[in-house]
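The following explanation is intended for a reader who meets this structure for the first time. Please keep the sequence and the model in view while reading.

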Amino acid sequence: MQAVYQGNATYAPSVRPQNDGWKPPPVFMLVMGLSGCGKSSFINLMTQGDCLISTGPKLCTRFPRTCKISRWVKNSEFKFIDTPGFANDTVEDRKVLERLVEYLAPRGDRHDGSNNLPRRVTGLLYIHSEDEPFKSRTSRKTIEMLVKVLGERFLERVTVLIQSQNGASNDLAEVVQSESSPLYPLYCNNIKPWTIPYTQNPQSIEHMLESYTTIYPRLVRLAALDNFAQREGNNWQYNDIPRHLWEFFPHDVGPLIIPDQANAQTRLSGREDELEKALAQKAEEIKALISTHEIELKDIQEKSMAEKADHDIQRGGLCNTIRDQKAEVTELQSRISSGLQESEALKELNSKKDSEILVLQGELATKNDELMKVKEDNDRAIQELKGRLRDKESEVVELKSRTNGPTNGPTTKTTKKQEDEIHHLKAEIHRISAEYGSLRSHMQLQENTEQADIMKALGDVNRLVEEFGQTISEHIETHMEHNKSKKPFQPKDLLNMFGQVEGDLASKIKQDAYLLLEYAVQAVMCDQLYTHLFKPFHPSISDDRNVFVSQIHAELARKAPQSVSGRWRKDAFNSISRCLALEGHDKSDSERMHRLLTGALVALLEKFDGIKPEEVLKKHDKALVKLVTKAEELNELIKGGVSVLGDFQPVAFPFGRAFQSSHMSEVTSKPKKPVRPETILGTVGLGLVKSYASGGDRVPGETVLNVAKVFGSPK
C-alpha cells in the first residue's frame, strides 16, 4: 500500500466486470472516526450515495449499517460499513464499540442464511482530523479500546486517513504517530497501520483501495469475537455482549453527554399531545374509509352477478369452439402421421451420411499416415543427397588440383559435368526442403488449441479446488458452533494432517484453525489429482505399463524434435483411450478418480470429533463431480489434444519439500512482502510446467508457465 496518493484525473464510476459467473467475495470496509469528521461524506464520494452528513457532535448514524451501493475497483466489489461517530452528544464511545460488536456478532434471529456465523470484514478506514475542534475531542482511551476490539494482527489492515487545512502531509504523519498523539495506541505495537493524507480525490482513494484486493484471506473476524468464543466456548449469547465488553475493557472510555432532562420532558409532553390528535384524526379517516369500502363492495357484488351471466353465455360458445377444434386436431394427427414417415426417411438418409463421414475419416487418417511417411522419406532423401553432394564436391576439388597445362582438356570436361550434377543435386535439396516445410506447416495447422486455453482450464481446476476447500471448512465451522465437542478444536492438531510437524514449529503458526482446515482439504485434493491423474502417462493403465510407456516417450523426446515426439505421445494416449472406451472403462475411470478423492477426504475429516465425513461429502457431491470432470478434461486436452505446442504437466509438491521460488509461491504472501519459507507443508493450487523437445540427444527445455500455490512453514 502506498504512503501517499496523488492524481487529478477526472473520476468515472467503475463498471462491474463480466466473467464466467464466478466472482470473489466482496471487500467489506469499516469506516470509523469522530462524529462529523467526514465518514458519511467519504462513503457518498465513493458510492455516489446520499447518506446523511453530520458537521458536529450531533449523531446522524446511530447504528452500523452496510451501504447498499457498492464500488468496483480492479474487478473487486467494495462494500462500506458506516458506523456511529465517536465523541457524539448522544451515545458514549463504549456504546459505539458495543453496537459495532453486536452488528458483527452471530444472531439467532437472522434470516439471511448466516445464523450463528459472525460477519467478517476486510479492513478499516479511520478518518482523523488534526484541526480543531476535532483534535481535542479524540479520546486516547477510546483508541485503546478500539485496538483491543480489532486485535494487533488486524492493524496491518487499518488505514488512517489524515485531513488538515494546515501543515504538510509528512509532518502530520509524524505528529499522529508520536507518544503525545491520541492515536498513539494504533502505532505502539509491532504491527502498525498505514497512514496517508485524505485529499477527497476519488482517483487517489481508489489507488489506496486497490491494495485491499490482494489481501488473503479477504475476510477475517475481529479479535473481540474470537476472545468471547475462547472464554465462553460456543455458548456465549448475543444479549451478553455488553457484559463481555465491560469485563473485556474495565476502564471508562469517553465521556457521556446527557441532554437537559427538563427540556426533554417538556418536548416529550408536547409530542404526546400531537400524537393523540393525530390518532383521533386517523380514527375519523378509518371510519370514512370503512363506509366507502362498504358501498364499493355492493357495487362489486352487483357487477359480479352480471359478469356471471355473461360467462355462462360465453361458456356455451366455447363448447362449440372446442368441438370444432377437436375436428381440426383429428385432421392434424393424420398430417403428423405422414410427417413421421418423412422423418423416418430422413433418419435413414442421415445414417447413410454418417457412414460416408466415417469412410472419409478413415481416408483422412490414411492421408495423415501417408504424410508422415512422405516426411520420413524426404528426411532420408535429403540426407542421401547431402552425402552425394559432399562426395561430388570432394571429387571436384581433387580434379581441380590435378588439372595442369596441356592435359587439362578431358579433365575440364569431367569437372564441368560434375559441377552440373552438383547444381542439380542442390536444386533437388531445395525442392525437398520446401516440401518438408509445407508438410510441417500442415501438421501445425491441425492443432486448434492455444496455450491460453490450457492456462484457463488449469485456472478453472484451481478455482474449483479453492471453492471446495472453503465450503468444507465453513460446513465444519458451522457444525462445531452448534455442537460443543468434548475434544477442543486446536490449530496444532490440524498441522499433523499435512505431515509430522515439530512442536516448536507448530507454535509459530498463527493461522485460524478453520483456515488451516481449508488448506488441508485443498492440499489433499491437489495431491490426489497430481498422483493419480496428471502424473501418469495414462491414468487408466497399470503402474508398470505407465513406467514403460513414459520411458519410451522420454527417450524419444531426447532423440527426436517436438513435432515427432509430441505426435507419438498424443497418438499413444488417444489409442489407449479408444481401446478402453471399446471395453467400457471410460465411465469407470471417472468413478475411480471420484472414489479416490472421496476416500482421502474421509480419512481427513474423520479425525474430527462428532463429524460424519460421508454425510458432509454427500451434501457437496455435485461440486466434487464438477471438479473431477474439469480435471479430466484438462488431462485429455494436454495429453491427447496438443503435440506441436509442447508437453504440458500440472505439478504439485509434497510435504517437506524445500521451497523453490521459481516453481512455487506462498499462499499467504503479499505482492510487496513475499514470504519465502524454508519448507512447505502442502500444495493448495496446482502449477504448470511446459517442456519442448529439440532432438539431437538433448534434454527437452523446460518453462514454468504457472507457479504452484503452497502453504509453507514459518522460519
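The model under discussion is predicted. Its chain contains 20 helices and 13 strands. The chain has 715 residues, of which 39% count as buried. Among contacts with a separation of 6 or more, 76% are between residues 24 or more positions apart.

The discussion now turns to the packing of helices. Two packed helices are described by the angle between their axes and by the distance between those axes. For helix H1 (residues 39-47) and helix H7 (residues 202-210), the angle is about 90° and the axes are 10 Å apart. H1 is therefore roughly perpendicular to H7, since angles of 65 to 115 degrees are placed in that class. On the side of H1, the contact is formed by Phe42, Leu45 and Met46, and on the side of H7 by Pro202, Ile205 and Leu209. Sorted by class, the contact of H1 with H7 comprises six nonpolar residues, with no polar and no charged ones.

A second pair consists of helix H12 (residues 451-482) and helix H20 (residues 621-640), whose axes come within 10 Å and cross at roughly 155°. Because angles over 145 degrees count as roughly antiparallel, H12 and H20 are described as roughly antiparallel to each other. The crossing of H12 with H20 is left-handed. H12 contributes Ile454, Ala457, Leu458, Asp460, Val461, Leu464, Val465 and Phe468 to the contact, while H20 contributes Ala623, Leu624, Lys626, Leu627, Lys630, Ala631, Leu634, Leu637 and Ile638. The residues in this contact of H12 with H20 divide into 14 nonpolar and three charged, with no polar ones.

Helix H12 also holds Asn462. Asn462 has a relative accessible area of 15% and is therefore buried, the limit for that term being under 20%. Which residues does Asn462 contact, leaving aside its neighbours within four places in sequence? They are Gly685, Leu686 and Asn706. Between Asn462 and Ala708, the C-alpha to C-alpha distance is 9.9 Å, although 246 residues separate them in sequence.

Two residues in loops complete the account. Thr122 is located in the loop between helix H2 (93-104) and strand E5 (123-129). With a relative accessible area of 0%, Thr122 is buried. Its side chain reaches the backbone oxygen of Arg218 at 2.9 Å. When residues up to four places away in sequence are not counted, Thr122 touches Pro26, Val27, Phe28, Met29, Phe154, Arg157, Tyr212, Arg218 and Leu219.

Ser181 belongs to the loop between helix H5 (169-176) and helix H6 (184-187). Is Ser181 buried or exposed? Its relative accessibility is 4%, so Ser181 counts as buried. The side chain of Ser181 reaches the backbone oxygen of Val176 at 3.1 Å. Apart from residues up to four places away in sequence, Ser181 touches Arg140, Val175 and Val176.

Key
Residues are numbered from 1 along each chain as its sequence is written. This is a predicted model: local features need pLDDT of at least 70, side-chain atom pairs count only at pLDDT 80 or more; totals for chains, interfaces and linings use all residues. Side-chain values use heavy atoms; hydrogens and water are left out. Helices (H or I, at least four residues) and strands (E, at least two) are DSSP runs, numbered from the N terminus. Buried means under 20% relative accessible area, exposed over 50%, partly exposed in between (1.4 Å probe, protein chains only). A polar contact is a pair of N or O atoms within 3.5 Å; within protein, one must be able to donate a hydrogen and the other to accept it, and residues adjacent in sequence count only if both atoms are side-chain atoms. Contact means heavy atoms within 4.5 Å. Axes are lines fitted to C-alpha atoms, for helices over the stretch in contact, and angles run from 0 to 180 degrees between N-to-C directions. Angles under 35 degrees count as roughly parallel, over 145 as roughly antiparallel, 65 to 115 as roughly perpendicular and the rest as oblique. A crossing is left-handed if the near helix is turned anticlockwise from the far one by less than a right angle, and right-handed if clockwise. Ala, Val, Leu, Ile, Met, Phe, Trp, Tyr, Cys and Pro count as nonpolar, Asp, Glu, Lys and Arg as charged, and the others, Gly among them, as polar.
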